Amino acid sequence: ASVLTKDWQHTPFGLYLDPQEAYDMKSSKPDEVLFLDVRNQAEIHYTGMATIIDANVPYRFDSTEWKMKKDGVHGTFKKPKNPDFTPAVERIIEARGLTKDSPVIIMCTSGTRAPYAARLLHKAGFSKVYTQVEGFEGIKAQTGELKGQRVLNGWKNGGLPWSYDLLPEKMYFNYSQ
């Protein structure tokens, strides 16, 4: 898997996969491995979703509440945490006949939310949670004419199967309280 360079990328599990490794693990044991996309609904709606994903359970939601950045000039919309994240994952595990010892893979946009979601599952007693460290869209180029675009690494850039056609049975509303 990719080299983790930031402390926040590390999880208590120490289990990390690149997109191809995540695909191979899920493909080889489709009924034994749970693969979660933790992006919010707008993200999967506008950028698509890996076809091999079992369920979407957002780690954070969108909001209309504004927050200024530390520079005092720019801002962004707040993204509150999903208080139902862990219970929803527990409901999926139960519905699929899996346990908290079953392997779980977590993927987000660029690999930044996955470690936080993994830590929540660690606190809830899960024992094998992998983070897909490059995310669905990869990371932003720091230089060149594509600077700021998500063109490095990631599920989509790796040519792995994905679609804009979302299946209702994989959506969060099936697992939310």
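K26, D54 and R96 are linked in a network of salt bridges. By salt bridge I mean a side-chain nitrogen of Lys or Arg within 4 Å of a carboxyl oxygen of Asp or Glu. One note before the details. This is a predicted model, where local features need pLDDT of at least 70, side-chain atom pairs count only at pLDDT 80 or more, and totals for chains, interfaces and linings use all residues. Residues are numbered from 1 along each chain as its sequence is written, and side-chain values use heavy atoms, with hydrogens and water left out.

D54 bridges to K26, with the closest N and O atoms 2.7 Å apart. D54 lies in the loop between β3 (49–50) and β4, and K26 in helix α1 (residues 19–28), so this pair ties together parts that are 28 residues apart in sequence. Helices (H or I, at least four residues) and strands (E, at least two) are DSSP runs, numbered from the N terminus.

D54 also meets R96 in a salt bridge, at 3.2 Å from N to O. Here the linked parts are the loop between β3 and β4 for D54 and the loop between α3 and β7 (104–107) for R96, 42 residues apart.

Which of these residues are buried? D54 is, at 12% relative accessible area. K26 is buried too, at 3%. R96 is partly exposed, at 35%. The cut-offs: buried is under 20% relative accessible area, exposed is over 50%, and partly exposed is in between, with a 1.4 Å probe and protein chains only.

How many salt bridges does the rule give? The count is eight. Another one of them joins D37 and R39, at 2.8 Å from N to O. Both D37 and R39 are buried.

Next, the rings. The aromatic pairs come to seven. Rings of Phe, Tyr and Trp (its six-membered ring) pair if their centres lie within 6.5 Å; planes under 30 degrees apart are stacked, over 60 edge-to-face, and the rest tilted. Take Y59 and F85. Their ring centres are 5.9 Å apart and the planes stand at 85°, so the pair is edge-to-face. Y59 lies in the loop between β4 (55–56) and β5 (66–68), and F85 in helix α3 (residues 85–95), so the pair ties together parts 26 residues apart in sequence. Y59 is buried at 4% relative accessibility. F85 is buried at 0%.

L120 touches Y59 and F85, and T86 as well, leaving aside residues up to four places away in sequence. Contact means heavy atoms within 4.5 Å. L120 belongs to helix α4 (residues 114–123). At 29% relative accessible area, L120 is partly exposed.

There is also an aromatic cluster, formed by Y23, F35 and W155.

Now charges over rings. The rule: NZ of Lys or CZ of Arg within 6 Å of the ring centre and within 35 degrees of the ring normal. K156 lies over the face of W162, 4.1 Å from the ring centre. The charged end of R119 sits over the ring of Y116, at 4.9 Å from its centre.

Last stop, the surface. Which residues make the nonpolar patch of about 270 Å²? They are I139, L146, V151 and L152. Patch residues have over 30% relative accessible area and no salt bridge; like charges are joined within 9 Å, and nonpolar side chains (Val, Leu, Ile, Met, Phe, Trp, Tyr) within 5 Å. Areas come from the Shrake-Rupley method with a 1.4 Å probe; for residues, only the protein chains shown count as cover. L146 sits in the loop between β9 (139–140) and β10 (150–152). L146 is partly exposed, at 37% relative accessibility.
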